[in-house]
Amino acid sequence: MPIFDTDIATTAPAISWQHSFADLGEGFSVPLQATPLAAPYWVGHNAELGAQMGLPVDWMQSDHWLQALTGNTPLEGSRPLASVYSGHQFGVWAGQLGDGRAILLGEANGLELQLKGAGPTPFSRRGDGRAVLRSSIREFLCSEAMQGLGIRTTRALCVTGSDAAVRRETLETAAVVTRVAPSFIRFGHFEHFSHNDQHDQLKTLADHVIERLYPDCRGSAHWGANPYVALLAAVTERTAQMVAQWQTVGFCHGVMNTDNMSILGLTVDYGPFQFLDGYQPGHVCNHSDHQGRYAFNKQPNVAYWNLYCLGQALLPLIEEQDSAIAALETFKTHFPQAMAQRFGAKLGLNDGDQAPAALIEDLLTLLASEAVDFTIFWRRLSHWTRLQDPADASVRDLFMERAGIDAWLLAFSDLHLTDKRDLAAQRMLASNPKYVLRNHLGELAIRAAQQKDFGPVADLLQVLQSPFDEHPQHQALADFAPDWAGGIEISCSS
Ligand code: AMP
Ligand code: MG
């Protein structure tokens with residue numbers, strides 16, 4: 001009889017699960033178990049997040065957790081489910097969608113755990129319920145890259161893989177991402193019940209979101225003391241801030257359908273996303289987006305449009321159309337304000353100070369005129385700021401045409417008094433990342449992982465989790481995109 005259990009993690013205290021979403025009852029979700037995947041293996045894991053969630057220290061060495069987070073064995077006390085939602089896709093009402101390949105296990109310490117790619121659900125429509133290794137690695141790395149950048153996002157605990165074949169354009173292999181967030185509720189959840197005239201469920205859902213995620217919306221004197229208007233206003237503000245963060249770091253989401261918009265203003269559903277290499281404001285990162293609906297520079301307008309869909313969905317609860325519109329209109333102040341503050345930080349201004357609009361406008365025109373690398377420009381500018389030495393050509397070298405940038409640098413220098421340059425540079429280095437998840441970096445890590453070399457995924461994760469640090473040994477990950485990067489095609493296929 002064994003005295004010691006070799007799989008120590010299984011003997012650690014079990015997670016104490018809550019299930020507030022499951023408790024909403026029938027009509028919101030369907031209970032179901034994940035579909036097992038043969039012979040799973042670890043592809044990547046996030047030790048920091050595991051610790052934060054109170055997982056046993058050795059969870060990533062444990063077969064118990066490997067099987068559980070692949071969906072092969074249930075986690076004790078969890079109540080897996082798939083939820084129903086609807087949504088507007090590419091501007092058109094798409095009807096019922098739902099968790100077609102995501103299975104919510106429950107919540108622990110206020111964080112929900114969800115397996116993405118763990119098999120079909122009643123909402124899979126014609127999909128297979130699976131996710132491929134390629135897209136799972138992209139989601140895993142980008143979630144943590146965004147977190148590292150200080151951008152609100154769903155998190156990723158780990159990716160497990162299996163050699164089971166999954167058919168996309170070609171045959172690929174399966175993987176499961178374990179996602180973590182306080183909630184995975186989307187605008188589309190509200191649209192679903194509103195569209196189907198299920199106003200009782202709509203109210204139940206809104207009350208649940210307010211109670212659990214936006215408690216300040218109840219009992220507030222703002223917005224005529226109407227908690228549902230307050231909710232719409234709060235989501236509007238968070239969404240405005242999130243998109244301002246995207247725009248100032250060069251993040252293109254790629255598929256901003258209303259079912260991919262988080263009620264918490266978290267970046268969610270990493271599919272065809274891209275961080276800009278050269279600054280091309282009209283860039284469309286999703287090769288399936290033929291109209292360019294989700295081009296980089298259209299993201300703020302799309303967010304506003306999506307918020308209108310949410311407002312429309314909440315109207316049966318809000319009752320007064322004028323109040324809903326007033327709440328939505330706040331986007332027009334929150335968004336520019338957030339942009340000016342983010343750019344202020346990128347320029348090294350004091351906390352909360354807004355960047356001069358003309359200075360930013362001129363700069364973005366210059367960057368766009370030569371498609372200058374967005375991340376490298378800001379990082380070099382941060383270093384340049386310390387000395388502001390005209391002989392330091394690091395920033396000028398990014399431009400073929402020098403007159404424009406020279407004039408801009410002169411105007412920029414006026415912002416920072418000589419004795420404050422060090423401080424400004426420090427602030428800039430903490431606001432302008434050295435590392436972002438460029439397409440080609442993800443691609444190289446994916447290719448290695450497809451050959452069962454998971455080292456590059458781990459290295460990238462480590463660097464992306466602290467993207468403002470120098471990591472001199474990983475300098476190559478901060479380089480310009482190679483020519484072949486332009487040929488990487490990222491579509492909705494995942
Ligand atoms: P997305 O474009 O990834 O946001 O997905 C849109 C909808 O399609 C969501 O309801 C997904 O759950 C569903 N979906 C995407 N891929 C699959 C798949 N392979 N199997 C089942 N459902 C899927
Ligand atoms: Mg989605």
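Predicted model: local features only at pLDDT ≥ 70, side-chain atom pairs only at ≥ 80, totals over all residues.
Residues are numbered from 1 along each chain as its sequence is written, and chains are lettered from A and ligands numbered from 1 in the order in which they are written. Local features need pLDDT of at least 70, side-chain atom pairs count only at pLDDT 80 or more, totals for chains, interfaces and linings use all residues, and side-chain values use heavy atoms, with hydrogens and water left out.

**View 1. The shell around ligand 1.** Around ligand 1 there are 17 residues, each with a heavy atom within 4 Å of the ligand. Gly 98, Gly 100, Arg 125, Gly 129 and Asn 260 come nearest. The shell has 8 charged, 7 polar (Gly counts here) and 2 nonpolar residues. Domain 1 (17-183) and domain 2 (188-341) each supply at least three residues of the shell; the bounds come from an automatic or database domain assignment.

View 2. A polar contact is a pair of N or O atoms within 3.5 Å. A backbone N or O atom of Gly 129 is 2.8 Å from a nitrogen atom of ligand 1. For side-chain N or O atoms, the distance to a nitrogen atom of the ligand is 3.2 Å at Arg 101 and 3.4 Å at Arg 168. The protein covers 82% of the 480 Å² of accessible area (Shrake-Rupley method, 1.4 Å probe) that ligand 1 has on its own.

**View 3. The largest cavity.** A cavity is a set of points on a 1 Å grid where a 1.4 Å probe fits but cannot get out. The count is 3 cavities of 30 Å³ or more. The largest has a volume of about 80 Å³, the space filled by probe spheres set on the points. Its lining residues (an atom within 4 Å of a point) include Phe 21, Asp 99, Glu 112 and His 189.

Conventions: Polar contact = N/O pair within 3.5 Å; in protein donor to acceptor, adjacent residues only side chain to side chain. 1 Å grid on protein atoms, 1.4 Å probe; cavity = no way out; pocket = protein on both sides within 12 Å on 5 of 7 lines; lining within 4 Å.
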